[in-house]
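Reader: I would like to learn how to read a few features of a model, one at a time. Please give the general idea before the case at hand.

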Amino acid sequence: MRDIVFTRSSGWIPSVIREDGELKLMLAAGADANHEPRTFTFPIGEAHLAVIREDLARHLLLWSTVLPLCDAAGTRGRLDENAAVALLDPVLLSSPADVDALFRRIRWDRSRLVAHGAAIDLLERGQVCAAMNAATQGSNEKRAQEYHANRRRAERGAVLGPLDAEILRYTGQYLHGATVPRRMPDAVDPALLPQVMRVIATAEQACAGMRIGLDPRRGHRATDKRDRDRMAATVDAAVRRAYPELVDDAVRTVSFLMCSEAADRSRNTLVEDDEEAAEDRADLGESARKTALSFTDDKGGEKKWLRDGPRTASAEFWEFVADRSAANNEVFTIEDEEMGEGIQLHFYANSIARITTVRRGEAGPDPQYRVEYSLVDGIGGYRNLVSAFVRGGCAALEQHGPWMSDVAEFERARRRRDAR
């Protein structure tokens with residue numbers, strides 16, 4: 001039989017219950033293996049109940065000392081009741097000086113006290129009882145999150161100035177640096193918003209015209225890491241040059257914003273748009289372009305493309321790669337059976353082979369092929385080679401060399417490249 005003896009109606013503050021005739025403190029903390037909140041109880045006395053009922057500050061202080069014990073219990077362990085009971089008299093019945101001394105020796109949850117209005121400067125000086133003079137029954141979780149974020153930054157030696165802080169608020173990364181950045185002008189102090197917008201404008205001008213392409217080798221929504229690094233470096237340099245007083249956190253959040261927006265634009269742009277633009281720029285005759293191609297991978301996958309279809313060959317091929325590419329499937333081939341030529345992309349080695357038929361094997365000797373290898377500079381290099389082959393076959397790849405027919409020579413070149 002469980003009866004509620006005393007509870008503060010706000011939030012998760014522990015309640016006092018009577019269970020089988022015994023007074024207990026009950027609190028929810030942590031989660032079980034199914035991500036449901038765990039509930040813990042431990043016995044208290046009538047004197048402890050009297051303080052909990054009358055003194056909000058002491059009630060919250062007790063809560064902050066018990067929470068680490070709940071964390072230690074994990075998803076299915078038992079609360080160390082002896083340790084919890086041992087906290088009751090020192091926290092609830094001791095003098096303020098003794099409570100302050102206790103808090104210097106034990107683990108306790110600062111964020112709970114900050115959320116309930118504790119004076120941060122006094123907490124930092126170890127005056128926990130005085131800090132709780134401003135305690136409130138209601139909690140402000142955002143205040144606790146900001147405090148935690150500032151402590152993490154302080155541990156790294158990062159101290160934010162007013163403009164730094166407002167830039168982080170503008171991108172939504174003041175509390176959590178891993179949050180995907182977005183534009184939130186309403187979160188910024190209106191007095192500093194014009195300065196924030198000038199920093200953003202500097203970044204936008206620096207990366208105008210730059211783009212972050214997709215990388216189908218890693219799926220449909222993955223983007224090119226080299227493009228992202230290049231854009232981030234460009235924005236960082238421009239912002240640091242214009243605003244040398246900004247801390248690293250502020251500069252990084254601006255470049256992160258620019259890169260995230262560029263990546264989203266690429267994900268929302270049809271692949272055909274880029275390929276058709278590339279074909280329009282190419283000075284090749286209509287007859288040089290492919291009319292039928294076969295795409296295959298190393299796991300038996302195959303796809304046919306015909307020129308009178310709705311999409312370009314390059315778009316169809318890269319979609320095939322995005323669908324099929326995996327850690328154990330990194331070799332893809334494009335073949336023009338009619339012309340007897342093709343290319344084989346080796347994603348695992350950043351290399352490519354172009355293959356041409358020297359002698360066909362119809363009703364006679366086995367066919368003979370000429371195989372030549374070249375190194376490839378990332379996904380951008382692969383895109384250029386695929387587009388060139390689609391437009392003009394193996395002959396159009398000559399300018400993208402050097403091409404090496406000697407395998408040993410190629411392997412030496414690859415090792416030299418990888419060593420750099």
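Reader: How many aromatic pairs does the structure hold, and how is such a pair described?

Author: Two values describe a pair of aromatic rings: the distance of the centres and the angle of the planes. This predicted model holds nine aromatic pairs. One of them joins phenylalanine 317 and tryptophan 318, with 5.0 Å from centre to centre and 65° between the planes, an edge-to-face arrangement. Phenylalanine 317 and tryptophan 318 are both buried. Ring pairs also link these two into a cluster with Phe295, Phe320, Phe332, Phe347 and Tyr382.

Reader: Which charged residues lie over rings?

Author: Arginine 153 has its charged end over the ring of tyrosine 174, 4.6 Å from the ring centre. Lysine 290 lies over the face of phenylalanine 389, and the distance to the ring centre is 5.0 Å.

Reader: Next, the sheet. In what order do the four strands come, and is the pairing parallel or antiparallel?

Author: In general, strands of a sheet pair through backbone hydrogen bonds, in a parallel or an antiparallel way. Here the order is S1-S2-S3-S4, the sheet is open and the pairing is antiparallel. From one strand to the next, the twist averages 40°. S1 and strand S2 (residues 15–19) are joined by four bridges, and phenylalanine 6 has valine 16 in S2 as its bridge partner.

Reader: Which helix packs on the sheet?

Author: Helix H1 (residues 46–54) does, touching S1, S2 and strand S3 (22–31). The direction of H1 makes about 55° with that of S1.

Reader: Now a single residue. Why does leucine 385 count as buried?

Author: Leucine 385 counts as buried because its relative accessibility is 5%, and the cut-off for buried is under 20%. Leucine 385 belongs to helix H15 (residues 378–392). Beyond neighbours within four places in sequence, its contacts are Ile343, Ile352, Val376, Leu397, His400 and Trp403. Histidine 400 is 15 residues away from leucine 385 along the chain, with 7.3 Å between the C-alpha atoms.

Terms used. Residues numbered from 1 in each chain as written. Predicted model: local features only at pLDDT ≥ 70, side-chain atom pairs only at ≥ 80, totals over all residues. Heavy atoms only, no water. Helix = DSSP H or I, 4+ residues; strand = E, 2+ residues; numbered from the N terminus. Buried < 20%, exposed > 50% of the residue type's maximum accessible area, 1.4 Å probe, protein only. Contact = heavy atoms within 4.5 Å. Phe/Tyr/Trp six-rings, centres within 6.5 Å; stacked < 30°, edge-to-face > 60°. Lys NZ or Arg CZ within 6 Å of the ring centre and 35° of its normal. Pairing = 2+ DSSP bridges. Axes fitted to C-alpha atoms, helices over the stretch in contact; angles between N-to-C directions.
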